[in-house]
Structures are given as C-alpha cells and as structure tokens.
Amino acid sequence: MRLTGEATAVLVEILFYAFATLLVAGALGVITARNPVYSALFLVFAFINSAGIWLLSEAEFLALVLVLVYVGAVMVLFLFVVMMLDINIAELRRGFTRFAWLGWLTACALVAEIVGVVWTHGLAGVDVSKGFVPEPAGFSNTRALGEVLYTRYVYPFELAAVLLVVAIVAAIALTLRRRPGLKTQDVARQVAVRAEDRVRVVKIAAEKRS
C-alpha cells in the first residue's frame, strides 16, 4: 500500500518528533550519568537518533557516516579509553563541587554563543512552516557535501583533523601515566638484549635404555 503525499508528510513529522525527543533524552543522559561508561553509551544512543533525523532529511550519506564512523569507531575508541584510564569515580565526585563553577561558566558561554549567532544571522531563508523539500532523483548529497567541504570549508576541515589527532595522542598519553601496578615497556633494554643473556644451551647426556 502506497501512502499519499499528505500521509507521508504526517508520518515524517511524527518520526521527526520521536527521534528529536529521544535525541534530547540521550543528550541529557550524557551529562547526568554518573558513570562515564554510561555517558558514552548515552552518546551512542544520541548519535543513532541523529542518524534517523538525517535520514528523514534525505541526507543518507551523513546518516551512514554518523553510524559507521562515530558509533562504530570513535565511540568504541572512547569506551576503550574510559576503561583504560581506570577513573576513580569516588574521587571524581568529591572534586565535582570544586570545579562546578567552571562547568557552569562554560555552559553559559556556549549558550551565549548560540544565541548570539541566531540573533545576528537569524533564520533567514528557513521556512519552518514547510517540511523537507524532496530532492530530484539524480541528486547526490555526497557530491554536494564534498563540493562544499573541500572548497569553502577546507581549512576548518583540516583543523578539525589535526585536533582529532592531538586528542587521540593525548588520550594514549593519559593511559601511560605512572600509577601503582602499571607495567611499562623499556624499549631500549629490549633492543639491547643479547641472545646469551636470554638463551642458555644445556647439554644433556643421552640415556641408554637397558
């Protein structure tokens, strides 16, 4: 059974509000969960709902990248890093009130930036009374995204790549910090080892069977 255009628009609107509600719930779970592993899992949940909204917008490439790259690779890396850091939850909670002012200050600055951008540029060209406009059959959102990303925003794209590399290196460096019970490698000592220091040849006389 094929839905009419009006029924399709209603279904898309219902799905949008459903995905948006779950997305907001997942985002709240990220910042309210006390366990960092739960926060990462809530973030995975938020990414999946974001991918659903991208699919409703007919941006299939962005939805697939969000699921495959962020959920399938980046978030798995985050979970490994969180587990390898061996965070002391009790100690972290004790220091929460001491740095709460910094978190509130950062949140207020972020909200002020968002309000400033919306107030300055407004929502010109966006008609909220209409739904998503369907693209023609031969339209490729992958090509359109690539043309914009590698021409107008090529420098921010390269800067984001450098920041991600720095973040990965910093996460690995944190896992190698000195703490009791940590086993580390001494590469210079391993390279300088000699065969006679590790291998001992023992000559055993052959036994005769009676």
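Q: In which helix is the place of S39?
A: In this predicted model, S39 sits in helix α2.

Q: Why is S39 called buried?
A: The relative accessible area of S39 is 13%. Buried means under 20%. S39 therefore counts as buried.

Q: Which residues does S39 touch, not counting residues up to four places away in sequence?
A: S39 touches G29, V30 and A33. What makes each of these a contact is heavy atoms within 4.5 Å.

Q: Where is N49 found, and why does N49 count as buried?
A: N49 is found in helix α2. Its relative accessibility is 4%. The cut-off for buried is under 20%, so N49 counts as buried. Not counting residues up to four places away in sequence, N49 touches F19, L22 and L23.

Q: Why does E58 count as partly exposed?
A: E58 has 33% relative accessibility. Buried is under 20%, exposed is over 50%, and partly exposed lies in between. E58 therefore counts as partly exposed.

Q: What makes up the largest nonpolar core?
A: Nine residues do: A40, V44, F47, A51, A63, L66, V71, M75 and L79. A set like this is called a nonpolar core because its members are buried residues of listed nonpolar types, joined through side-chain atoms within 4.5 Å.

Q: Which elements give two or more residues to this core, and which gives the most?
A: Those elements are α2 and α3. The most comes from α3, with five residues.

Q: Which residues is L79 in contact with, leaving aside its neighbours within four places in sequence?
A: L79 is in contact with V37, A40 and L41. Of the residues named here, A40 and L79 are both members of the largest nonpolar core.

Q: What is the volume of the largest pocket, and which lining residues are closest to its centre?
A: The volume is about 800 Å³. The lining has 25 residues, and V69, Y70, F157, A160 and L164 are the closest to the centre.

Q: Which elements each supply at least two residues of this lining?
A: They are α3, α6 (141-149) and α7 (154-175). The largest share, ten residues, comes from α3.

Q: How do the residues of this lining divide into nonpolar, polar and charged?
A: The lining has 23 nonpolar residues, two polar and no charged. Asp, Glu, Lys and Arg are what count as charged.

Q: How many helices and strands does the protein chain have?
A: The protein chain has nine helices and zero strands. Read along the sequence, its pattern is α-α-α-α-α-α-α-α-α.

Q: What share of the protein chain is buried?
A: Buried residues make up 12% of the 210 residues.

Q: What share of contacts with a separation of 6 or more comes from residues 24 or more positions apart?
A: That share is 63% in the protein chain.

Q: How confident is the prediction, and where is confidence lowest and highest?
A: The mean pLDDT of the protein chain is 79, and 80% of its residues reach 70 or more. Confidence is highest in α2, at 89, and lowest in helix α4 (residues 89-94), at a mean of 63. Where pLDDT is low, the predicted coordinates should not be read in detail.

Methods: Residues are numbered from 1 along each chain as its sequence is written. Side-chain values use heavy atoms; hydrogens and water are left out. Buried means under 20% relative accessible area, exposed over 50%, partly exposed in between (1.4 Å probe, protein chains only). pLDDT is the predictor's confidence in each residue, from 0 to 100. Helices (H or I, at least four residues) and strands (E, at least two) are DSSP runs, numbered from the N terminus. On a 1 Å grid over the protein atoms alone, a cavity is a set of points where a 1.4 Å probe fits but cannot get out, and a pocket is an open set with protein on both sides within 12 Å along at least five of seven lines; lining residues have an atom within 4 Å of a point. Grid points are joined across faces, edges and corners, and a volume is the space filled by probe spheres set on the points.
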